[in-house]
Amino acid sequence: MLQPTEKIWHNGRLIPWEDAKIHVLSHVVSYGSSVFEGIRCYHTNKGPAIFRANDHALRLLRSAKIYRMDIPFSVDQLTASFVDVVRVNRVESCYLRPIALRGYGALGVLPTNNPVEVYVACYPWGSYLGEECLNSGVDVCVSSWNRIAPNTLPALAKAGANYMNSQLIRMEAAVNGYSEGIALDEAGYVSEGSGENLFIVQDGKLLTPPLGASVLPGITRDTIVKIAGQLGIPIVETIIPRELLYIADELFFTGTACEVTPIRSVDRITIGPGYRGPVTEKIQKRYFDIVNGRVSDEFNWLTFVPAGERETEPIGAGVI
Ligand code: PPE
């Protein structure tokens, strides 16, 4: 269950958590007209640090641009709002959920007479697919649902409506006893999980589907590309046939929420050794060292939150 914090940022002001409400006839409720982000803030020995805050702000603005949604805030202003929310809520580690939505006004598909409302909330959130899964890996299936096809819902936008497709994938997986589903794209090639990008390790190389395979341009995906560079692991963006999943040496999901989660089976076929493989482990370790501030912040990915208004004991320390 969601664990409330005190304040939510709304169009430049901090409001109480319980006042961040919208009308049932807001445009977004009928038509799914929202774009959003998911960001993690980690506990470090220099205080809370938001991971790749600028990149998330930029992706939010890009998602909005695709949908002709005007957000009257810059990357810097949005980044500052993320810092404010973490600071006033006195959390040490948390998940941030910025959302821009089309609000209450007219009610018809054309959204030009609906205001755009921007909210940023934060709350504690543990591991996505289960703490133990970071070590042991998850059992997944290939979904019978395809990922959103090109020129239908734009996959490069992180839009609320896309997650109707994700829900179908995730629910089907759950009903059949899997932790997650992997969707194929319209052409039948591997795309991504309902809320994660996917990487394959094969013969010492990393493979991941290209942006044209209906994937979200994941910020963790990009982080893994840079980590692979640091570790000298070759990486290729390429279309991936389904059966390559079954014969992969290692497989793992990436995402803000799932971080780096190994996959130990697909459709009940054991992947590699059936637990986290050595390349996954190396990459995962580096990922956690970076986000937790244990190694130098070479790419300037951490935005530290000053202790400004944290006069009482912070909550959430050690949650993640
Ligand atoms: N693909 C999809 C469809 C996706 O939703 C996410 C994030 C990713 C890839 C990875 O993107 P990034 O977080 O930028 O590396 N999914 C979010 C969880 C969705 C949910 O609310 O559940 C997330 O990881 O925060």
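Colleague: How many cavities of 30 Å³ or more does the structure hold, and what makes a space a cavity?

Modeller: There is 1 cavity of 30 Å³ or more. On a 1 Å grid over the protein atoms alone, a cavity is a set of points where a 1.4 Å probe fits but cannot get out, whereas a pocket is an open set with protein on both sides within 12 Å along at least five of seven lines. The largest cavity has a volume of about 50 Å³, a volume being the space filled by probe spheres set on the points, which are joined across faces, edges and corners.

This is a predicted model, in which local features need pLDDT of at least 70 and side-chain atom pairs count only at pLDDT 80 or more, while totals for chains, interfaces and linings use all residues. Residues are numbered from 1 along each chain as its sequence is written, and side-chain values use heavy atoms, leaving out hydrogens and water.

Colleague: Which residues line the largest cavity, and what makes a residue part of a lining?

Modeller: A lining residue has an atom within 4 Å of a grid point. Those of the largest cavity include Asp249, Leu251, Ile271, Tyr275 and Arg276. Strands E14 and E15 (259–266) each supply at least two of its lining residues; helices (H or I, at least four residues) and strands (E, at least two) are DSSP runs numbered from the N terminus. By class, this lining has 6 nonpolar, 2 polar and 3 charged residues. Here Ala, Val, Leu, Ile, Met, Phe, Trp, Tyr, Cys and Pro count as nonpolar, Asp, Glu, Lys and Arg as charged, and the others, Gly among them, as polar.

Colleague: What is the volume of the largest pocket, and which residues lie nearest its centre?

Modeller: The volume of the largest pocket is about 1,100 Å³. Its lining has 46 residues, and Phe36, Tyr95, Arg97, Lys158 and Tyr163 lie nearest the centre. Among the elements that give two or more residues to it are strand E3 (34–36), strand E6 (94–102) and helix H5 (162–175). H5 provides the largest share, 5 residues. The lining divides into 22 nonpolar, 15 polar and 9 charged residues.

Colleague: Why is a group of residues called a nonpolar core, and which members of the largest one touch the most others?

Modeller: The name applies because a nonpolar core is a set of buried Ala, Val, Leu, Ile, Met, Phe, Trp, Tyr and Cys residues joined through side-chain atoms within 4.5 Å. The largest core has 28 residues, of which Ile50, Ile71, Phe82, Val86, Leu96 and Val118 touch the most other members. Helix H3 (75–88) is among the elements that each supply at least two residues, and H3 gives the most, with 6. Apart from this core lies another of 22 residues, among them Val138, Val140, Ala248 and Ile271.

Colleague: Why is Ala80 called partly exposed?

Modeller: Buried means under 20% relative accessible area, exposed over 50%, and partly exposed in between (1.4 Å probe, protein chains only). Ala80 has a relative accessibility of 40%, and is therefore partly exposed. This residue is found in helix H3.

Colleague: Are Asp203 and Glu259 buried or exposed, and what is phi in each?

Modeller: Asp203 has a relative accessible area of 65% and is therefore exposed. Glu259, at 3%, is therefore buried. Most residues other than glycine have a negative phi. Asp203, however, has a positive phi of about 50°, and phi of Glu259 is near 60°. Asp203 is found in the loop between strands E11 (197–202) and E12 (205–208), whereas Glu259 is found in strand E15.

Colleague: How do you know that E9 and E10 pair?

Modeller: Two strands pair if DSSP finds at least two bridges between them. Strand E9 (residues 180–184) and E10 run antiparallel and are joined by 3 bridges, and therefore they meet the definition. Ile182 has Gly193 in E10 as its bridge partner. The hairpin of E9 and E10 has 5 residues between the strands, and there Gly188 takes a positive phi near 95°.
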